[in-house]
Amino acid sequence: MRTVKHHPGNDRKALGRQAVALLETHFEEGPDSAECEAFRAQSADHARALDDAQRFLAAARGVAPRRFSARERIRKRLQLWWVFSTQPVIALPALAVLLVAGFFVATTGGVPTSTGLDATPAIASPSAGGAPVREQHETRWQEHREVVLADGSRVWLDWKTSLSAEFDASSRRIVLSRGVAAFDVVSDPERPFFVEANGLAVRVTGTEFVVRAVVADRVEVSVIEGSVLVRLDDTEQRLGPEDHVELRDGALGSVVRRSVDEMGQWREGMLVFRDRPLVEVLEGVARYVPYDLDLARIQEDDRRVSGAYFRDDAERVLTALIRMHRLDAQRVDGSLRVRARPPERPVF
C-alpha cells in the first residue's frame, strides 16, 4: 500500500484539497479504501478534512460528471473546492454547517420540490401531417424539476421557470417564458431543436446547454457540451463547450468562457461565480430570496466576486455580501434597495 505523506504545516484548506483528490482517485472504493483510512489515521484534522470532503462532493457531484475522465473530474472539482473554501462569505457560518446543508440539498433536492421525474413517454417523430405534440411545464417558488420531453430530451427547470414545447415532423420548438432551464437534447438531425427566449433563438441538434431569462431584456446561453447556434435577427454566434453569450439591451455580446460548474451547478443546489461583477452575483443570489432586489444604484460597480454558495442559504449569503462590500440596503415599496455607501468623512 502506498502511504500518502503530508507536511506537518498543512492547513485545513490544503488538507481539504488533498482529501477531495483522494476520494476522487478512489471513487469506486469510497472512504473505506486503505489509502483513505491511512489518511484519516494521521490526525484529527485529517479525519475532519476527509469527512468535510465527503459532504462537499455529495453536493458537487454535478460538476464534471462520469463522462469526463477521472483526471478531468478531479481537476474541475478541486477548482470548485478552492473557490468554495477560500471565500470569506462562506466562513461567516461554520463551514461544516454549510457543508451539511449542501449534503441535504444534494441528496433530497431541498423542500419543497418535485417528488420524482416527470416522465413523458418518448416518441420517435409525429407522422407527416400529424398533429403536433404540445407540452407546458412550470415550477413555482422553491420548486425545481427534471422533465423528459416528448422526444426523449431532458430539461431541468429551476425555481420560477415556465416553458412550452411543440414537436412536429420537422422541428422541435421550446419557448422559455421566464426562469432558468438546462437542456440535454437527444440528437435528431432531421428535426432541429430550437429554444426561443425574448427574441433570441438557440438552434441545436443534440447537446447540453443552459438558457437563462431571469432579468428583463436579458438572455444568457451557456454550453456545457456540444455546440449551439445563437441567432438574434441577422446576427449569429456559434458556441462550443464552456462558451457563454448574453443578449443585453437588444444586442448580442461577445462569446466568453465560463466553467462547467458555473453553468450547471445550480441543478445540485449550489451557486458558483468566478470573477464576476458584484451586481451579477447579487442578481444570481437574489433569485432565491422571497423579495425583489433593486440594484439600479450599483449597476456601474466594477468590483469582482468569486464564490460557491448553497442556494438554500441565499438570504444569509445576500446579507453577507452586502456587509462585506459595504453596501446600504433599505426597504422601499416591498423591495430591498441596494446602493454603495458614501465614503466616510475623516474626523479632525
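A cavity here is a set of points on a 1 Å grid, over the protein atoms alone, where a 1.4 Å probe fits but cannot get out; lining residues have an atom within 4 Å of a point. Grid points are joined across faces, edges and corners, and the volume is the space filled by probe spheres set on them.

Before moving on, a word about the model: it is predicted, local features need pLDDT of at least 70, side-chain atom pairs count only at pLDDT 80 or more, and totals for chains, interfaces and linings use all residues. Residues are numbered from 1 along each chain as its sequence is written, and side-chain values use heavy atoms, with hydrogens and water left out.

Now colour β10 (218-225), α6 (260-264), β16 (270-277) and α7, the elements that give two or more residues to the cavity lining. Helices (H or I, at least four residues) and strands (E, at least two) are DSSP runs, numbered from the N terminus. Which element gives the most to this lining? It is β16, with five residues. The lining divides into ten nonpolar, three polar and ten charged residues. Ala, Val, Leu, Ile, Met, Phe, Trp, Tyr, Cys and Pro count as nonpolar, Asp, Glu, Lys and Arg as charged, and the others, Gly among them, as polar.

Next, visit the largest pocket, with a volume of about 400 Å³. A pocket is an open set of points with protein on both sides within 12 Å along at least five of seven lines. Select Val 214, Val 215, Glu 283, Ala 286 and Leu 293, which lie nearest its centre among 16 lining residues. β17 gives the most to this lining, with four residues.

From β17, step across to its sheet. Three strands form an open, mixed sheet in the order β17-β20-β19. Its edge strands are β17 (292-297) and β19 (327-332), each pairing on one side only; two strands pair if DSSP finds at least two bridges between them. Six bridges join β19 to β20 (residues 335-340), and these two run antiparallel. Show Gln 330 and you will find Arg 337 of β20 opposite. Helix α7 (residues 278-286) packs on the sheet, touching β17 and β19. Touching means contact, with heavy atoms within 4.5 Å.

Now select helix α8 (residues 314-324). Which of its residues are buried? They are Ala 314, Val 317, Leu 318, Ala 320, Leu 321 and Ile 322. Buried means under 20% relative accessible area, exposed over 50%, and partly exposed in between (1.4 Å probe, protein chains only). Their cover includes α7, β17, β18 (304-310), β19 and β20.

Two loop residues make the last stops. Most residues other than glycine have a negative phi. Arg 326, in the loop between α8 and β19, has a positive phi of about 50° although it is not a glycine. Arg 326 counts as partly exposed because its relative accessibility is 42%. Asp 233, between β11 (228-232) and β12 (235-239), has a positive phi of about 55°. With 66% relative accessibility, Asp 233 counts as exposed.

Definitions and conventions. Axes are lines fitted to C-alpha atoms, for helices over the stretch in contact, and angles run from 0 to 180 degrees between N-to-C directions.
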